[in-house]
Amino acid sequence: MRRKILATCFLAAALGACSAPPSEEELLQRAEAALAARDVNAALLDIKTALQGNPESAEARLLYGRAYLFQQNPVAAIGEFERALEAGAGAGARLLLAKALVLGGETAELLSRHDAGEFAGLVADDEFQAVLARAQLVQGDYEAVRDALARIDATGNDYIDVTRAVVALQLDKEPARARELLEAVVARSPGQAYAWSVLGVLAAAEGDYEAAEAAYRRAAEANPFRLGDRLQLVNARLRGGDSEGADSELQRLEKLIPDSPQVNFLRGQLAFDAGEYRAALDALAGVLAVNPDHGGALLLSGLANLREDNLVTAQRQLGRFHDAVPGHLEAGLQLARVWLELGEPDKSEAVAREVLEEHDMNIKALGILAVALSAQGMHAESAAAYQQIATLQPESPEALMGVGMQRIVGGDSEAGVADLEAAVALDPDSAAPRERLIGAYLATGDLDAAQAAAEAYLEAAPDSPRASIFLGRVKLQSGETGAARTLFEQALAQDPGNVTASGGLAAVELLGGDLEAARDVFQSALEVNPGHMETSLNLAVIHERLGDLDAMRAVLEDAVAANEGAVAPRLPLARFALSEGRAGDALALLTPVAETGGDNIALLRLLTTAYLASGQSALASEAARQLLDRDPESPESLAVVARAELANGRAERAQAHLEAALEQAPGNTALRKRYIDVLVQQRKLDLAREQVAALPAAVQEETPLLVLRGRLALAGGEPAEAVPLFQQAFEQQRNNINLLFLASARWAGGERAPVLAMLAEWLEEYPEDALVRSDLATKQLMLGDETAAREQYAILVEQQPDNVAALNNLAWLLRTGDPKQALAHSERALDLAPDSLQVQDTYAMVLLENGETGRALALSARLLEEQPDNPELGYNRAQILARAGREDEAIELLEALVAGPAFPGKAGAEALLASLRGA
């Protein structure tokens with residue numbers, strides 16, 4: 001063992017003695033060779049070793065800068081060339097510094113330093129003139145570019161010839177000359193990466209993606225640090241159809257530069273081309289997160305969202321791209337299509353016309369324009385657009401179909417049917433013209449022609465479920481339900497779950513009065529097509545007619561989940577929620593589609609109603625404004641708008657809308673009732689009585705009208721007349737609202753104890769009725785029975801911990817007897833309604849009773865500043881001032897209050913004033 005250790009030591013010593021460290025010169029020679037062989041890591045190792053021994057070595061700094069240039073790191077290269085010059089490097093270092101400044105985009109800096117004389121020693125150098133030419137090309141000084149190139153005598157220099165090629169391409173628009181120069185460069189210097197890169201640009205511009213791929217591959221091999229060339233290599237492979245090769249190269253780049261926007265864009269493009277739109281969107285999101293205005297990513301993401309039916313997002317992205325690049329054909333076409341699918345045909349028309357200004361014979365744009373015009377009811381104009389397509393494509397059955405359908409809709413049925421017959425003759429094997437023709441015959445009532453066309457369709461396509469369905473429809477319309485059933489069943493045998501056939505079969509069952517059978521048909525269709533919207537809506541109606549509301553709700557909820565962003569299934573579900581008093585649930589259904597479905601009249605009506613039911617009058621007003629813009633004349637919409645106006649305190653406007661509605665529907669008793677209600681609220685009692693008298697006698701005895709008549713009597717100061725009316729209404733519909741109307745009439749007639757007893761009796765039966773309990777407490781307060789009122793408010797707070805009015809009133813009643821408990825209730829009310837003046841006023845008085853006079857003073861002062869004419873606030877402020885020892889201020893305030901108009905606390909103010917004066 002000893003000999004082995006000694007031998008090892010001897011070997012180490014011997015090796016150390018034989019191997020002296022390389023000199024700086026040797027290290028730099030090795031680095032130069034490694035750099036020439038493109039082994040940058042080896043070169044950097046030797047350069048750094050040399051610099052450890054001699055940090056100021058000009059030659060090492062020069063080599064370090066060249067290595068950085070190869071790595072496409074011009075900023076670091078500039079720093080090293082500057083240090084090399086400081087260390088005494090010659091003109092070669094200054095030339096490399098100039099090249100690094102151009103590569104780093106610092107062309108203005110280079111020209112500025114040149115003008116200052118920093119590069120005076122290089123003026124006669126041909127390569128430096130090429131550097132200047134590149135800088136001036138970037139700066140747009142094209143005359144200076146030509147002057148710089150004219151000063152060059154040298155030939156066969158790679159940098160100069162590549163510069164000449166770039167100028168020929170960008171400035172002279174001579175691609176052939178550029179290619180000639182570049183091919184000469186790569187022939188003598190195959191490692192000239194920039195030359196290969198520009199050759200790739202030339203090839204791609206000519207659509208020769210195979211040549212572009214070869215050029216970019218040579219550029220990437222010559223310098224793997226030129227990531228732009230590697231990205232272009234992926235792009236060339238993609239455009240050339242080599243998705244597998246593109247994916248392979250892209251995977252290497254993803255490891256090298258993860259989360260790069262350029263790489264993410266190419267990954268998105270690759271996924272899009274493969275039809276993987278979800279993956280494409282994920283990749284493109286990484287691009288748009290860094291650069292929201294990236295044109296390519298906006299276009300591709302918009303198209304992917306369109307394929308995924310994310311129409312709102314697609315519209316937003318395609319719209320932004322279209323705004324930035326207005327002449328882009330594909331973007332314009334797809335944006336017009338999206339607007340059409342979003343139900344905005346006017347916007348679709350505008351974009352389609354814009355496309356046609358540049359491409360007046362584009363068939364796709366004409367087709368979109370025709371559909372958009374038709375959707376706006378402009379059928380003659382739509383027919384003209386289809387006719388233009390037919391002129392451009394005289395053998396097109398699609399164009400003839402379009403013309404025919406628009407003529408029929410426009411009222412020229414005979415010509416329209418002739419067009420459809422011609423379309424069938426042009427393409428007898430196509431289903432679409434046959435189906436349009438059958439539909440046209442049915443629409444014009446020609447059942448014999450419809451049956452003949454449908455039978456011909458079935459004969460031509462005996463295995464087509466659609467052919468059976470169309471003949472089934474004709475049979476159904478002709479009253480031949482047995483034959484229709486057979487045909488629909490035949491279609492379902494050919495295509496189980498076919499929703500159209502299921503709908504036809506269900507119609508047969510409904511005509512026979514068999515709701516359960518119709519339900520079973522729709523349920524079977526949904527099992528094959530879960531969430532299908534039209535089938536779901538039909539099934540929901542059947543469930544409702546059968547009285548199975550839980551099943552109805554379940555079907556509609558499934559339809560909402562399966563049809564994201566669709567309005568139709570949300571509407572009946574929201575109506576159901578409103579009918580159950582669940583306004584919040586209705587809004588949760590409607591608000592997500594409020595923007596995209598903003599032209600849907602039914603949606604706007606329901607949205608307004610839901611806002612009203614939830615107490616959000618301002619939002620109801622905004623929704624009502626949109627509704628009025630889109631549907632200004634229908635009685636249904638005018639009635640909803642009137643309710644919104646009324647909720648916002650605009651009774652005159654509500655009245656005007658209801659009068660307009662009644663002009664359209666004078667026999668609508670529901671509208672007239674609402675009109676009378678608005679008149680009563682405005683105390684236009686004579687007009688209201690006239691409107692009541694105009695109603696049929698039977699209607700006047702209905703519960704709502706009894707209530708209305710009672711309110712009219714009460715408003716006219718005739719409680720004795722109101723009591724029997726409210727009594728009759730309460731007996732017809734025993735609910736808390738009718739009870740409170742009856743109580744108010746009897747109270748107005750002077751019945752105090754009986755009313756209190758009546759309300760108390762109701763609460764024994766319905767102890768959770770907060771509305772009645774609150775009214776009882778209010779009446780007890782009016783009688784001065786604070787103890788009884790306090791008990792009722794305590795029960796209310798226990799039942800409804802967030803009832804602001806109950807909390808506030810209980811705090812007021814407890815402020816002197818139990819100030820600490822009053823403070824707890826008052827603080828809770830303030831948390832729930834921090835902007836309520838009444839809550840804040842109570843809080844100030846509760847603070848006073850808890851000894852916090854300073855806070856009470858500050859709060860009361862702020863409240864009175866907000867409402868200086870509020871006498872109740874002034875009276876409470878005077879009480880706080882008096883307790884704070886500021887009697888003079890209290891007296892001054894009380895004198896003003898006592899001299900002013902009456903208010904509930906005026907007697908208390910007078911008593912306090914007398915007390916402070918010493919009376």
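Tutor: The radius of gyration is taken over C-alpha atoms, and the globule rule is 2.2 Å times the number of residues to the power 0.38; a compact globule of 919 residues would come near 29 Å, but this chain has 43 Å. Its C-alpha atoms fill a box of roughly 120 × 100 × 80 Å along the principal axes. This is a predicted model, in which local features need pLDDT of at least 70 and side-chain atom pairs count only at pLDDT 80 or more, while totals for chains, interfaces and linings use all residues. Residues are numbered from 1 along each chain as its sequence is written, and side-chain values use heavy atoms, with hydrogens and water left out.

Student: How many helices and strands are there in the chain?

Tutor: Helices (H or I, at least four residues) and strands (E, at least two) are DSSP runs, numbered from the N terminus, and the chain has 55 helices and zero strands.

Student: What share of the residues is buried?

Tutor: Buried means under 20% relative accessible area with a 1.4 Å probe, protein chains only, and 46% of the 919 residues are buried.

Student: Which residues of H40 are buried, and what do they pack against?

Tutor: An α-helix has 3.6 residues a turn, so residues three or four places apart point the same way. In H40, which covers residues 669–681, the buried residues include Leu671, Tyr675, Val678 and Leu679. With contact meaning heavy atoms within 4.5 Å, the buried residues of H40 pack against helices H38, H39, H41, H42 and H43.

Notes. Buried < 20%, exposed > 50% of the residue type's maximum accessible area, 1.4 Å probe, protein only. Expected span 1.5 Å × (residues − 1).
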